[in-house]
Amino acid sequence: MYRIVSAQFLAENIKKIEIEAPRIAKKRNAGQFVMIRVDESGERVPLTIADSNPEKGTITIIVQGMGKTTRELNSKNTGDTITDVVGPLGAPSHIEKFGTVVSIGGGVGTAIAYPTAVALKKAGNYVITINGARSKDLVILEKEMTTVSDEAYITTDDGSYGFHGFVTQKLQELIDSGRTIDYVLAIGPIPMMKAIAEVTRPYHIKTVVSLNPIMVDGTGMCGGCRVTVDKQIKFACVDGPEFDAHLVDFKNLSDRNKIYLPEEKQSAEAYVHRCNLIKSV
Amino acid sequence: MDAQHITTKERLAIPRQVMPAQSPEVRVNNFNEVHLGYTPELAQKEALRCIQCRNPACVKGCPVNIKIDQFIKMIAEGNFLGAAKKIKEDNVLPAICGRVCPQEDQCEKMCILAKKHESVAIGNLERFAADYERETGNVELPSVKSSTGKKVAVIGSGPAGLSCANDLIQMGHAVTVFEALHELGGVLVYGIPEFRLPKKIVKAEIEGLKQLGVKFVTNAVAGRSITVDELMKEEGFDAVFIGVGAGLPWFMGIPGENMLGVYSANEFLTRVNLMKSYQFPENDTPVFNCKGKNVAVFGGGNTALDAVRTAKRLGAEHAYIIYRRSEAEMPARLEELHHAQKEGIEFMLLTNPVEFIGNDQQWLTGVKCIRMELGEPDDSGRRKPIPIPDSEFTLPIDMAIISIGNGSNPLIKQTTPDIDVSKRDTIVVDINTMATSKENVYAGGDIVTGGATVILAMGAGRTAAAAINEKLMGTRAV
Ligand SMILES: Cc1cc2nc3c(=O)[nH]c(=O)nc-3n(C[C@H](O)[C@H](O)[C@H](O)COP(=O)(O)OP(=O)(O)OC[C@H]3O[C@@H](n4cnc5c(N)ncnc54)[C@H](O)[C@@H]3O)c2cc1C
Ligand SMILES: Cc1cc2nc3c(=O)[nH]c(=O)nc-3n(C[C@H](O)[C@H](O)[C@H](O)COP(=O)(O)OP(=O)(O)OC[C@H]3O[C@@H](n4cnc5c(N)ncnc54)[C@H](O)[C@@H]3O)c2cc1C
Ligand code: SF4
Ligand code: SF4
Ligand code: FES
């Protein structure tokens, strides 16, 4: 059992949860994740370690309520427990002094990009962050991102805050302004990562994305998380989750992620129904 | 007829006792165990068939040399608990081995009766004695020597790790088992299905180890959560045993392998057995909905048969085994093969897939195959399959399960480079002691041999335990 020591919403449907897991807190590096099973009948789902506190023995995850498991997780509060937390998994982010790096987070992707941005800053890079959200109230980690950045931008699709438009437009603007960009890290929905890859491709800017295939064990045992990179099979949980954006087959990833759509819908509906029943009692 | 007054002729006249089983029509609709076990009467009758050889060949056929003649005599005399104890002198997981050992290639193959009659059903009797002991609540904990003050870490809770932990704790060492998954038991829980090995049996064995004082840490991935060096330097373990199995599924490298509906056997079996997705939506983890669908499993080993029988139980209309050699070369156990045939599994032998075919959303719709014929024997001694020109055909399928074997998980190798590995990434050991190239680090089971058997993994765990004891205590094991 893993105890939750604090939990609060950062935006509607996005919760920050700090969990007691001393071994993981001590070992984890930027870019790594944990697999969480909320309870005995739960599914194992991967979540990035957004932050850790080795002294306190805690890790922080930032969760967007998508389906059954993430919503259930987001219903947890301080003092509640989670049955299984295993990690740190995945290969750590590749960190070196590249020069000028742009770290781009879309939606909850910002939470996944954040720890890597911190590590890139520590390695002596000039860090530009672009933090994209649909609208102002969905912007997360604004303060944290500003602190690690030499330049921080926010974009909103509806223009309710920061730059009006997509993260790709902001990136294109930076490139067009003639600045040298040595490295781009982009994490968010698959269409966003694919679009970023297309923005940087003509300029041969090294671009890395963090992929989110469906995982089961997270240790390289099942092959369910396989992705196609440079026409080869890679297991995202051990070879990744970060890969060269210009070599990833995004179509295959987005197709594969749809395999359980009917079951996911069924689970989520049953969960909401149960919650409503409990509320009405 | 009783055990004292029976002639050899009378013994030989008794036919081999068939173990009662669920009928095929019933069992394809449930996940309960296929075999129901001997009654005490059946067991005694079967035990009477053993002619009590003075120089029993069966014992040599068993990788851990169970005193087969002696335990069978005890069963014949009705001393079932004594038989269980006798078996446990050599095998710590008899209820499991009695069920899943390839007996026909080991103890039973060597049984003297196998030549002219049918061999004694040694596996069934072993299983009976162990089940009797457990079900009547008579499992006695072995005695544990006084503490040696030494600490040993065991990585992996499959049969290799469990048997190593069992021996070490009895020798008086403090033992902690680190397991990557949330459940203990390795392939016994995530690979071999409930209908062949009920999980409650594995649980009972592990419970026994806990009572002896073995500590278990789940959710601990060696190489990620903790490294071998950290275990020894920071956590004070005097020795480490690595029993992490062979867990990195191979794919075939043919076009379309990443389509929706193509699984590795590991993923399919893990979803169903470990995550219990056959009880979706009560359990959250989904698995491909096999109901009314055509499912093909590629491969011919135990894993392939487990996968295809599982798909059938999940409601598959057609469940195929597609294997590139013929039945004689199939590595699966004969008994399982027969069970599968009776359950309506369709075998397409001498057939090899060349390409998966899908629709525009990349959902699998079929597999293009080619027919094979057998040529000269290859390195493995089996006749090499060669494609017959122009024999391609397409089989419509909705789901494919690839079961062509496993490589070694790279996590330990990456984080502990001073442990020597072979070209195939298996860990290299001295087979007499299971010692690796790294001081005080031992390894055994599938991570050393590549995919093998439960009994061999168990034997390796025991060999390592004896060597570790000797090393830590500076004496020969007594
Ligand atoms: C390496 C990695 C790191 C991630 N980090 C974060 C994070 O920090 N914060 C966050 O909010 N989300 C993160 N995700 C995504 C998160 O794992 C999924 O949103 C979650 O599993 C959805 O589960 P669900 O039951 O709530 O939703 P479902 O209704 O089951 O699924 C919604 C969608 O999530 C994906 N998904 C479903 N099951 C799994 C699974 N077992 N493994 C992976 N994806 C799945 C599928 O694309 C699916 O369509 C990460 C994913 C990966 C692979
Ligand atoms: C589907 C299937 C059916 C089979 N049927 C039979 C049969 O009928 N008869 C038979 O004799 N054999 C059978 N086998 C083979 C047999 O199960 C194996 O040979 C045996 O389990 C090997 O034991 P092991 O202890 O070496 O490894 P495993 O049983 O594989 O256990 C290894 C354990 O280590 C854990 N682990 C892995 N990496 C790490 C890490 N880095 N840190 C911590 N823990 C880790 C794993 O999660 C696992 O729990 C079958 C195998 C499969 C897959
Ligand atoms: S352990 Fe296996 S080989 Fe040995 S006696 Fe039992 S069934 Fe036979
Ligand atoms: S070889 Fe067969 S008959 Fe002889 S002791 Fe062994 S089991 Fe009995
Ligand atoms: S999640 Fe199973 S191999 Fe990656």
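I'll take the ligand sites, then the aromatic contacts, then some backbone details.

Ground rules. This is a predicted model, where local features need pLDDT of at least 70, side-chain atom pairs count only at pLDDT 80 or more, and totals for chains, interfaces and linings use all residues. Residues are numbered from 1 along each chain as its sequence is written, chains are lettered from A and ligands numbered from 1 in the order in which they are written, and side-chain values use heavy atoms, with hydrogens and water left out.

Near, here, means a heavy atom of the residue within 4 Å of the molecule. Nonpolar covers Ala, Val, Leu, Ile, Met, Phe, Trp, Tyr, Cys and Pro; charged covers Asp, Glu, Lys and Arg; the others, Gly among them, are polar.

Now the polar contacts, meaning pairs of N or O atoms within 3.5 Å. A polar side-chain atom of B:Arg196 lies 2.7 Å from an oxygen of ligand 2. The backbone contributes too: an N or O atom of B:Ala160 is 2.9 Å from a ligand 2 oxygen, and one of B:Val454 is at 3.0 Å. On its own, ligand 2 has 1000 Å² of accessible area, and the protein covers 94% of that. Areas are Shrake-Rupley, with a 1.4 Å probe.

Ligand 3 next. Its shell includes B:Cys62, B:Cys97, B:Cys101 and B:Cys107. The class count is eight nonpolar, three polar and one charged.

On to aromatics. There are eleven aromatic pairs over all chains. A pair needs ring centres within 6.5 Å; planes under 30 degrees apart are stacked, over 60 edge-to-face, and the rest tilted. B:Phe31 and B:Phe195 are a tilted pair, 6.3 Å centre to centre with 50° between the planes. They sit 164 residues apart in the chain, and both are buried. How are the rings of B:Phe31 and B:Tyr278 arranged? Their centres are 4.4 Å apart and their planes at 20°, so this pair is stacked. It links parts of the chain 247 residues apart. B:Tyr278 is partly exposed, at 27% relative accessible area. Buried means under 20%, exposed over 50%, partly exposed in between. B:Phe31, B:Phe195 and B:Tyr278 form one aromatic cluster. B:Arg313 lies over the face of B:Phe195, 3.8 Å from the ring centre. That label needs NZ of Lys or CZ of Arg within 6 Å of the ring centre and within 35 degrees of the ring normal.

Last, the backbone. Most residues other than glycine have a negative phi, and most peptide bonds are trans. Here are some exceptions. The bond from A:Gly87 to A:Pro88 is cis, with omega near -5°; A:Pro88 is in strand β8 of chain A. B:Phe280 and B:Pro281 are also joined by a cis bond, with omega about 5°. B:Leu350 has a positive phi, near 50°. B:Asn440 has one near 65°, and B:Asn440 is buried, at 18%.

Note on methods. A polar contact is a pair of N or O atoms within 3.5 Å; within protein, one must be able to donate a hydrogen and the other to accept it, and residues adjacent in sequence count only if both atoms are side-chain atoms. Rings of Phe, Tyr and Trp (its six-membered ring) pair if their centres lie within 6.5 Å; planes under 30 degrees apart count as stacked, over 60 as edge-to-face and the rest as tilted. Helices (H or I, at least four residues) and strands (E, at least two) are DSSP runs, numbered from the N terminus. Buried means under 20% relative accessible area, exposed over 50%, partly exposed in between (1.4 Å probe, protein chains only).
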